[in-house]
Amino acid sequence: MPVEITWWGHATCTVEDSNVRVLTDPLFARRLAHLHRRRGALPAPAARRADVAVVSHLHADHLHVPSLAGLPDGTLLLVPRGAPRAVPGLRRLTHLRVTEMAPGDVTPVGDVVVRAVPARHDGRRLPLGRHRSPALGYVIEGEARTYFAGDTGLFDAMAKEVGPVEVALLPVGGWGPYLGEGHLDAGRAAEALARLGPRSAVPVHYGTYWPIGMDAVRPHEFHAPGDEFARLAAERVPGVSVHRLAHGESVRLEVAP
């Protein structure tokens with residue numbers, strides 16, 4: 001059975017495996033604080049349909065309460081441990097089944113298991129959050145093992161903690177002209193690919209949101225990361241197939257038995 005990946009923009013993807021739909025870091029907004037959606041139409045309401053949604057960390061472009069509020073009744077929502085305490089709006093989403101996760105925790109959903117893995121990233125709700133939750137990645141284990149990295153920098157135990165995977169959804173950029181600590185740019189994402197050794201990769205977390213009024217500031221940082229990642233991956237790990245998706249585009253990946 002093929003695994004299907006759809007990229008909706010930023011870090012939001014649907015992973016469909018074994019007839020289970022997993023939605024990552026749902027963000028369906030034209031504007032978020034000082035950011036505006038510069039590329040890609042807002043996804044249709046059907047994009048919100050999921051059996052389970054996962055949130056990697058507390059930053060508002062990953063844990064976006066209005067987008068979560070639009071998920072269908074009864075959707076299972078996996079969030080980092082402590083997130084409801086740090087983000088009171090989560091506690092008002094009574095139509096969702098919220099489960100808190102820490103690295104190593106697993107949650108079965110139909111014929112899929114979702115496993116939380118560590119990420120190297122600031123776990124606070126910024127800019128003034130004092131409560132800290134672990135930043136997470138997730139491995140979706142069904143017909144394939146698909147790694148959604150969330151936001152992370154490289155870390156020594158990445159390959160060990162994530163484990164063998166067939167597909168990697170890796171951040172390759174950001175939403176501004178500079179990336180701080182705890183992020184992957186195209187080069188570091190190619191290094192992560194070399195460490196993880198999947199069969200296929202999809203670059204995400206670039207080319208969607210940009211600060212208002214900064215369209216002319218280092219525009220290559222907005223447009224280029226996907227192509228740069230594909231180029232560097234071909235040099236570093238030529239055996240990995242990189243699928244650079246347009247907003248709303250899907251790819252079906254056959255999984256070897």
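Predicted model: local features only at pLDDT ≥ 70, side-chain atom pairs only at ≥ 80, totals over all residues.
I began with strand β5 (residues 35-37), which 3 bridges join to β15, the two running antiparallel. Strands and helices here are DSSP runs, numbered from the N terminus: a strand (E) has at least two residues, a helix (H or I) at least four. Two strands pair if DSSP finds at least two bridges between them. I then picked out Arg-37, whose bridge partner in β15 is Tyr-209.

Residues are numbered from 1 along each chain as its sequence is written, and side-chain values use heavy atoms, with hydrogens and water left out.

**Entry: the sheet around β5**

I looked up the order of the sheet and found 3 strands, β4-β5-β15, forming an open sheet with antiparallel pairing. Its edge strands are β4 (31-32) and β15 (209-211), each of which pairs on one side only. A reminder for me: strands of a sheet pair through backbone hydrogen bonds, either parallel or antiparallel.

**Entry: β12 and its partners**

Next I followed strand β11 (residues 136-141), which is joined to β12 by 4 bridges and runs antiparallel to β12. A hairpin of 3 residues links β11 to β12. Across this pair I found Tyr-138 with Phe-148 of β12 as bridge partner.

β12 also has 3 bridges to strand β13 (residues 167-171), and here the strands run parallel. Tyr-147 stands opposite Ala-168 in β13.

I stopped at Thr-146, which is found in strand β12 (residues 145-148). Is Thr-146 buried or exposed? Thr-146 is buried because its relative accessible area is 0%. The cut-offs are under 20% relative accessible area for buried and over 50% for exposed, with partly exposed in between (1.4 Å probe, protein chains only). Leaving aside neighbours within four places in sequence, I found Thr-146 in contact (heavy atoms within 4.5 Å) with residues including Val-3, Ile-5, Tyr-138, Ile-140 and Leu-169.

**Entry: nonpolar cores**

How many residues are in the largest nonpolar core? I found 55, and those with the most contacts inside it are Tyr-138, Tyr-147, Leu-170 and Leu-193. Helix α4 (residues 186-196) gives the most to this core, with 6 residues. Apart from it lies another core of 20 residues, among them Leu-23, Ala-53, Val-55 and Ala-86. A nonpolar core is a set of buried Ala, Val, Leu, Ile, Met, Phe, Trp, Tyr and Cys residues joined through side-chain atoms within 4.5 Å.

Ser-18 is found in the loop between β2 (12-17) and β3 (20-24), and counts as buried at 11% relative accessibility.

His-205 is another residue other than glycine with a positive phi, near 60 degrees. His-205 lies in the loop between β14 (200-204) and β15. At 1% relative accessibility, His-205 counts as buried.
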